[in-house]
Amino acid sequence: MNQAPTTSTDSTPGENGDANRSWLIRRGLLLESGPQRGLSLAGFVNQLGTAAFLATVPLYALRVMHLSIGQVGLGLSVAGVVGLIAGIPVGHLADRRGPKGIFLITLLIQALSMTSLLFAHALWSFVLAVAVTDLAGSSGGAARGPMIRRFGGDEVPKFRSYLRSVAMLASTFGALAAGAVVQIDSDFAYRALIFANALTFIGSAAVLVKLPKLEPLPSPREEGRWIAFKDKPYVAFVVLDGIMWIQSEVLSYALPLWVVLHTDAPRWFVGLAIAVNTVMVVFLQIRTSRGVKGGIVAGRATRRAGLAFLIGMAVIAAASGVPGWAAVTIMMVGVAIHTVGSLWHAAGSLELRFRLAPAHAQGQYSGVFGMGMGLCYVVAPSLLSLLCVTWGAPGWLVMGGVFVAAGLAMPYVIQRAGRSREIAPGD
């Protein structure tokens, strides 16, 4: 596979060595000054506002705009579908025109669409505002992919893992801000959060402006336009990986319903479980990703993740019908095992996402990858409701079995991908 230019700055000490670097940098909690730090800071600011917005937008539509629950669901569903289709063409545009400029445009569009939501008073204006926001957000994710690949250089897995940790931390702070707004429950509070989210897009763009410009990489002349769609091994990877990403909704969606409806555990356990998951990801994702380089290793990590999901979900299911504190202890073990699986899966997924895509078409391939993840989030609530909530303990085992099957199939997809392009399966 062709290697992109290396601009990584977080792996080489300065002239005076580690002694003059801050403790945060030495421990890997903060990147050294450079493009990687800038991109991660922009991501933190963006995710901070987005997380707070997603947690409060239904209540904003209900309380401030006075829409019905059905109208809110319709608007958010339409926005989600629109967002799915945008990433691929915009990713292709980022490959051909350069990702930085396209990414900046998507952030400015999100700032405008978010601001317009403050003036929306009817269903159609609500749908338009959130649809444009999702459209630009999905497009921005596709444009961001090539920047991660090229700024990451030879340390893409490590850099992407750091970005995931940063996103988790930002989501936690965003959720806390959303909780405060929901507690206040006033029109002013909801509007203030919407406006603050619009400002985060501006802030993120202000950071990105300072990053180096990335010129488009040349592509083979004989190559077609929509090569990502025609890349059957990559599409197969996206399908399997999308199934695996349903695991990210297990703790945030299925577990709270399970705790309340099927166990005697106190309800505050839900917050504790999510906090434990967040802390583990923030502090362990980079360490877990070390050594996950190449298709074979990434496939093995994904396979291990599937087994961990099955074990963790089986343990969580065992908490039904036992006393409260015993249920808390049992489910905490299950949450920890599930989180370990998520660390392995993220490390393998993020390695394969970039490893299997040609360097000159990272944006288009990022769009395909984003569509797979988007579909996972569309399917996850209904699937997890049916299996884990309605079916109960057997459903948890069935869902865990689906993860195992997807994990076991991944190495075979990687082998096929290695035969269909100019890389070895272990590259």
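**Exercise 1. Determine which residues the ring pairs link into a cluster.**

Solution. Ring pairs join Tyr234, Phe237, Tyr365 and Phe369 into a cluster. Rings of Phe, Tyr and Trp (its six-membered ring) pair if their centres lie within 6.5 Å; planes under 30 degrees apart count as stacked, over 60 as edge-to-face and the rest as tilted. The structure is a predicted model, in which local features need pLDDT of at least 70 and side-chain atom pairs count only at pLDDT 80 or more, whereas totals for chains, interfaces and linings use all residues. Residues are numbered from 1 along each chain as its sequence is written, and side-chain values use heavy atoms, with hydrogens and water left out.

**Exercise 2. Classify the pair formed by tryptophan 268 and tryptophan 325, and locate both residues.**

Solution. Step 1: the structure holds 6 aromatic pairs. Step 2: the ring centres of tryptophan 268 and tryptophan 325 are 5.9 Å apart and the planes stand at 55°, so the pair is tilted. Step 3: tryptophan 268 belongs to the loop between α10 (250-262) and α11 (269-289), and tryptophan 325 to helix α13 (residues 324-355); the pair, 57 residues apart, links distant parts of the chain. Helices (H or I, at least four residues) and strands (E, at least two) are DSSP runs, numbered from the N terminus. Step 4: accessibility is read with the following limits: buried means under 20% relative accessible area, exposed over 50%, partly exposed in between (1.4 Å probe, protein chains only). Tryptophan 268 has a relative accessible area of 48% and is therefore partly exposed, while tryptophan 325, with 62%, is exposed.

**Exercise 3. Describe the salt bridges of the model.**

Solution. Step 1: a salt bridge is a side-chain nitrogen of Lys or Arg within 4 Å of a carboxyl oxygen of Asp or Glu. By this rule the count is 2. Step 2: aspartate 185 pairs with arginine 63, with the closest N and O atoms 3.5 Å apart. Aspartate 185 lies in the loop between α6 (156-184) and α7 (187-209) and arginine 63 in helix α2 (residues 35-64), so this bridge ties together parts that are 122 residues apart in sequence. Aspartate 185 is partly exposed at 33% relative accessibility, and arginine 63 is partly exposed at 45%. Step 3: glutamate 351 forms a salt bridge with arginine 355, the closest N and O atoms being 2.8 Å apart. Both residues lie in helix α13, 4 residues apart, which is about one turn of the helix. Glutamate 351 has a relative accessibility of 3% and therefore counts as buried.

**Exercise 4. State the helix and strand counts and the share of buried residues.**

Solution. The secondary structure comprises 15 helices and 0 strands. Of the 427 residues, 52% count as buried.
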